[in-house]
Amino acid sequence: DRHADTVIDAEILPVLLTLHRRSLDRLAEFAQPREPLDTGSLQTHVRAELRKKSREMEAQLAQSQRRGSVLMNVKLDAPLVRVHPPPGATHQLVLNLGIFFLSSHAEGGEGGEEAEARDSYALQGSNISVGFYDSALGWDALQAALHTTGHYAPEEDVFYDAVRDDQEDGAVSHQPLPVLTPSNLEVCFEVGPMRHPTHPRHLARLKIPMIDVTVSPERMKCLQQAIDALTTSTIDRKDSQPPWAEAVYSGRLKLLRSNRMGRLVARRRWAALQGSDLFLLQNRQAATWKESLRVGVGQHIVPVPESDIGVPHVFAVTKEAHRNGAQLVQAMKFGRSTWLLQAPDEGAYARWFGYLIETNRMLNPSLKAPVQVTGQEEAGALAVSGPGDEEEGPCTALQLSVELSQVRVAVHGRAHTNGGARADNEVPLVEVVATETELGLTQSDHSLLVKFAMAALQVNDELSGALNLKLGMLVSTGSGLGEAEKSLVIQYTHWPVDAPSYDNVDAELGLELNTLHFYCNRRTLVALMAIPQDMFGSSAPAPEGGSEATDVVEAGMAVPTDEARVLLRLKVAMSGVALRLSYEDGDSLGLVSINNLSSEVQSFANRLRLTASLGGVQIVNDTVDAQNANRWICQKSNRNAGSGTSQSLLMLHYESFDRAAETYPGHDCAVQVQAAELSIVYLSCFVNLVTAYISELSAALPVAESHAAGETGKALPPLPSKDAVPPREGGDVTAGGWVALPRSAPSATSWTCT
């Protein structure tokens, strides 16, 4: 039908794959050349091939509007992978990569020629799972346990019998530990022309109906054993050479950094360029590198004039399109993938610059002729565009969306029994459920936008809820947040400094959160707090002595900064946070809540500005009935409502200043606080109950030393004897902007302090 030039129809049968580090090392040793290779001629050949392929690709892209599509229908029964367990391990890691169907079709019909120029692909995956199984099981037993069909397995598992460790007769079998239950996914991917005003170059959509994950200390220990089995080499590498042993060029460099005072300092390093990697060593004889940088795709090699930063022979390796030394220093200071390097003299500077330019151009064949970075006659800066390029409109290079209908994470651990001791077996503790989760990423010429949204988050208490239905919840969020109808929205936007839409703000991070409810179920919290120690044991003592001394010297002058430029703007808006304190029998002790919390932080080069507000704070005494005046322990006073005062309980404005700035007001910081009236009722019996509640929770928390040698840990102390407290009946207290001190719980007489 003239919609395709090529049709691919394929079916890939399944394989059984065992990852055994000893076999992998033997294969790598076999492939290791016995004599050194001539890497110089190899790099020259690769460089020529890359340039040739670049020209061919440009010619193909020029014909992209009138080419046909590729139609494919591929069935992939993905490998069943297991990691050979190390000696003494009880479980082995097994990954069932499931079954995948890949198909493609041309976008015809309504899109016309534009749609025909785009290739569309669909990938469907099913039955993807991960788990730990008895280390003594072979492939036949594993396939039966996974309920898989169609996998080829030899009658005698010769390879596995050859590499597995001998098992003692009558060995105890171990129950499987599932990590990821069988899951499905659907991916849609589209590729279009290089530049289009409305359609992104790459468009990807990922949909996953359900993810069900189980984590526990025992599973994490098994995972660590599997990682160690893969990463621990079985080859003696005493004679092995470091990655920089065959460096193309090496010599002394200084790594420039900015200290807290805004001045440049230099750290002496021995640098080695091997392939596309630049290694910075503490000294020439060092066995490991201090820092490493890959001079790869998207990097710019930029000369930095001495007049900009007061330091000679400096060049930058950066992904930012900066145009002067001050901007490069600020990008380096705030971790923007920017390195400033200083050569010892003019000759070394020319050699380093030349090698880095050639390496970068080899890895970026599409780069055009170098352009000027500053007004001076310094050539050699690599950039994506050169003189004579026409100004084009914004183009979206990538648009990615991920939709997760439901994510469930079950957390298992060891809990306290009714007798107070810790159980040996792991039981379900909590279940984290996130619904309607979305993640989006859009990258264009002028901005980068990342957005995360979640409809609802719920943490079910499986441990305490099994004993009392009133304690079945640990965390929950409200639903519906404005027009987005999401409980949580996080959005990050980054604008390049040379973008037309740049408005003196480099990046902005926003967080919107609906009311978040916490429920303090002490039995479950104690079990959760013990998980890190069950997983990792007690922490090893810190080594004596300080960190390795670093050779730091003063490098240059303080770099001028743009006072109005905002490097990061952070906005936070929360509807509220509530914490309920509950007893083990389900009765509530009290409720603490705050509402309408908002803040905005603006981070400049050498100063900070913070604005925050809090709508209100409430503390509720649940030990009395709803009509009791002593029920509201703390709340915002309404005595002066409508008198023109702020509706917020607390408003805060903080700003720090740069002494070196021309606008320095004469003081380092300024703080402004505006607070509304707050009514507080002090009830001694309620305070005693809260104090006892917190003390008993703190006493039950695990201690690191109790798990160092596999001990069972501390027993849970007795539950609070709340019945021993006198009857909790409050008297009448007039609401107002004061502190009320009742004589006793049943009494209406009280001291008041306004």
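Predicted model: local features only at pLDDT ≥ 70, side-chain atom pairs only at ≥ 80, totals over all residues.
Two strands are said to pair if DSSP finds at least two bridges between them.

**Strand 17 and its partners**

In strand 17, Leu 404 is the bridge partner of Ile 208. The parallel pairing of strand 9 (residues 202–215) with strand 17 (residues 396–413) extends over 13 bridges. Strand 17 also runs antiparallel to strand 18 (residues 427–444), to which 16 bridges join it. Within strand 18, Ser 444 stands opposite Thr 396.

| Strands | Sense | Bridges |
|---|---|---|
| Strand 9 (residues 202–215) and strand 17 (residues 396–413) | parallel | 13 bridges |
| Strand 17 and strand 18 (residues 427–444) | antiparallel | 16 bridges |

**Nonpolar cores**

The largest nonpolar core contains 32 residues, and Phe 132, Ile 211, Leu 404, Leu 429 and Val 430 have the most contacts inside it. Elements that each supply at least two residues of this core include strand 8 (177–191), strand 9, helix 6 (217–231), strand 17, strand 18 and helix 12 (531–536). Strand 17 gives the most, with four residues.

Which residues does Val 430 contact, leaving aside its neighbours within four places in sequence? The contacts of Val 430 are Val 409, Ala 410, Val 411, Val 459, Asn 460, Glu 462, Leu 474, Thr 524 and Leu 528. A second, separate core of 21 residues includes Leu 273, Leu 280, Tyr 349 and Ile 357.

**Helix 13**

Helix 13 (residues 684–700) comprises 17 residues; from its first C-alpha to its last it reaches 24 Å, close to the 24 Å expected at 1.5 Å a residue. Its buried residues are Cys 685, Phe 686, Leu 689, Tyr 693, Leu 697 and Ala 700. Viewed down the axis of helix 13, these buried residues fall within an arc of 105°, so they line one face of the helix. An α-helix has 3.6 residues a turn, so residues three or four places apart point the same way. The cover over the buried residues of helix 13 includes helix 11 (522–529) together with strand 23 (516–520), strand 25 (568–582), strand 26 (588–603), strand 27 (608–621) and strand 28 (632–636).

**The protein overall**

The protein has 13 helices and 33 strands. Of its 754 residues, 38% are buried. Among contacts with a separation of 6 or more, 68% are between residues 24 or more positions apart.

Conventions
Residues numbered from 1 in each chain as written. Heavy atoms only, no water. Buried < 20%, exposed > 50% of the residue type's maximum accessible area, 1.4 Å probe, protein only. Contact = heavy atoms within 4.5 Å. Core = buried A, V, L, I, M, F, W, Y, C linked by side-chain atoms within 4.5 Å. Expected span 1.5 Å × (residues − 1). Arc of directions from axis to C-beta.
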